[in-house]
Amino acid sequence: MNVILLGPPGVGKGTQGVLLAEGKSWKHLSTGDILRANRREGTPLGQEAQKYMDAGELVPDELIVAMVKDTLAAMPSDQGVLFDGFPRTVPQAEALDVALEDLNRNVDRVVVLEADDDVLVKRLSGRRSCPDCGSVFNVYMNPPALEGTCDKCGADLVHRPDDNPETVQNRLTVYAEQTEPLIRFYEGREGVMLKIPGVGSVEEIQNGILAAL
Ligand code: AMP
């Protein structure tokens with residue numbers, strides 16, 4: 001099964017993606033997480049991506065597509081994949097179709113999580129992420145058991161630099177202009193698109209996704 005998780009920044013793709021991939025034993029392929037790991041390690045890709053990420057802009061398609069292709073090529077052919085934060089542009093979606101076809105795969109489902117901008121801004125400002133294992137918490141909605149500490153691996157949680165108010169606004173604009181058109185791109189495909197309200201508790205949203213799948 002190859003599933004794309006689509007939705008604006010702050011809608012809960014990371015939180016829901018980790019849960020869903022774990023429950024289904026799928027690979028959680030988050031391009032944002034791969035880019036942040038490259039930044040931490042100071043790779044050429046990480047250095048190149050930094051300026052775009054800090055401004056809330058998208059990293060160029062060629063870099064992202066090459067990164068995703070490498071990840072797919074390194075996986076067993078029968079491994080299910082949950083794409084989180086990818087594709088984010090129509091050219092990325094077209095490149096994904098070609099890459100999957102080369103591997104005898106295709107896009108089985110696109111799960112679209114939806115929420116209003118005011119909810120998204122609040123969620124992003126409360127978000128705390130684990131730099132080590134990628135777990136995501138929210139001080140308002142899904143706080144860690146011990147403040148500032150990852151429940152899963154015990155690392156100190158961080159407030160992502162691109163979750164500051166100006167960058168958040170730009171990320172929402174970039175989403176509306178460049179990523180939202182993907183809904184039309186996939187909408188024509190019979191039985192592929194699942195729209196789920198991204199509001200409620202983490203568990204309610206996850207149950208909504210599972211029921212739709
Ligand atoms: P995310 O963690 O998915 O919100 O991604 C954080 C940042 O990484 C984004 O604001 C972009 O700068 C960059 N990024 C992640 N995924 C992509 C993608 N598929 N295409 C372009 N840029 C991306």
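**Close-up views of a predicted model**

**View 1. Helix α2 has a buried side.** In helix α2, which runs over residues 31-41, the buried residues are T31, G32, L35 and N38. They sit on the same side of α2, because the arc they cover around the axis is only 125 degrees.

View 2. Step just past the end of α2 and you land on G42, which takes a positive phi of about 70 degrees.

**View 3. The largest nonpolar core.** Which residues have the most contacts inside the largest nonpolar core? They are L72, F83, L96, V107, V110 and Y186, in a core of 27 residues. At least two residues of this core come from each of β1 (2-6), α3 (44-55), α4 (61-73), β3 (81-84), α5 (90-102), β4 (109-114) and α8 (181-187). Helix α4 gives the most, with 4 residues. There's also another core lying apart from this one, made of 18 residues, including V11, L120, L124 and I196. In soluble globular proteins, nonpolar side chains tend to be buried together.

**View 4. Zooming in on L72.** What does L72 touch, once its neighbours within four places in sequence are left aside? Its contacts are L29, V81, F83, L96, L100 and L103. Two of those partners, F83 and L96, are listed with L72 among the residues with the most contacts inside the largest nonpolar core.

**View 5. V3, tucked into strand β1.** V3 belongs to strand β1. Is V3 buried or exposed? V3 counts as buried because its relative accessible area is 0%, and the cut-off for buried is under 20%. Leaving aside neighbours within four places in sequence, V3 is in contact with W26, V81, L82, F83, R109 and V111. Take F83 from that list: V3 and F83 are 80 residues apart in sequence, yet their C-alpha atoms are 6.1 Å apart in space.

View 6. V139, Y140 and M141 make a nonpolar surface patch of about 290 Å². M141 is found in the loop between β6 (136-138) and α7 (165-179). With a relative accessible area of 42%, M141 is partly exposed.

Conventions: Residues are numbered from 1 along each chain as its sequence is written. Side-chain values use heavy atoms; hydrogens and water are left out. Patches are made of residues with over 30% relative accessible area and no salt bridge: like charges are joined within 9 Å, nonpolar side chains (Val, Leu, Ile, Met, Phe, Trp, Tyr) within 5 Å. Accessible areas come from the Shrake-Rupley method with a 1.4 Å probe; for residues, only the protein chains shown count as cover. A salt bridge is a side-chain nitrogen of Lys or Arg within 4 Å of a carboxyl oxygen of Asp or Glu. Buried means under 20% relative accessible area, exposed over 50%, partly exposed in between (1.4 Å probe, protein chains only). A nonpolar core is a set of buried Ala, Val, Leu, Ile, Met, Phe, Trp, Tyr and Cys residues joined through side-chain atoms within 4.5 Å. Contact means heavy atoms within 4.5 Å. The arc is that of the directions from the helix axis to the C-beta atoms.
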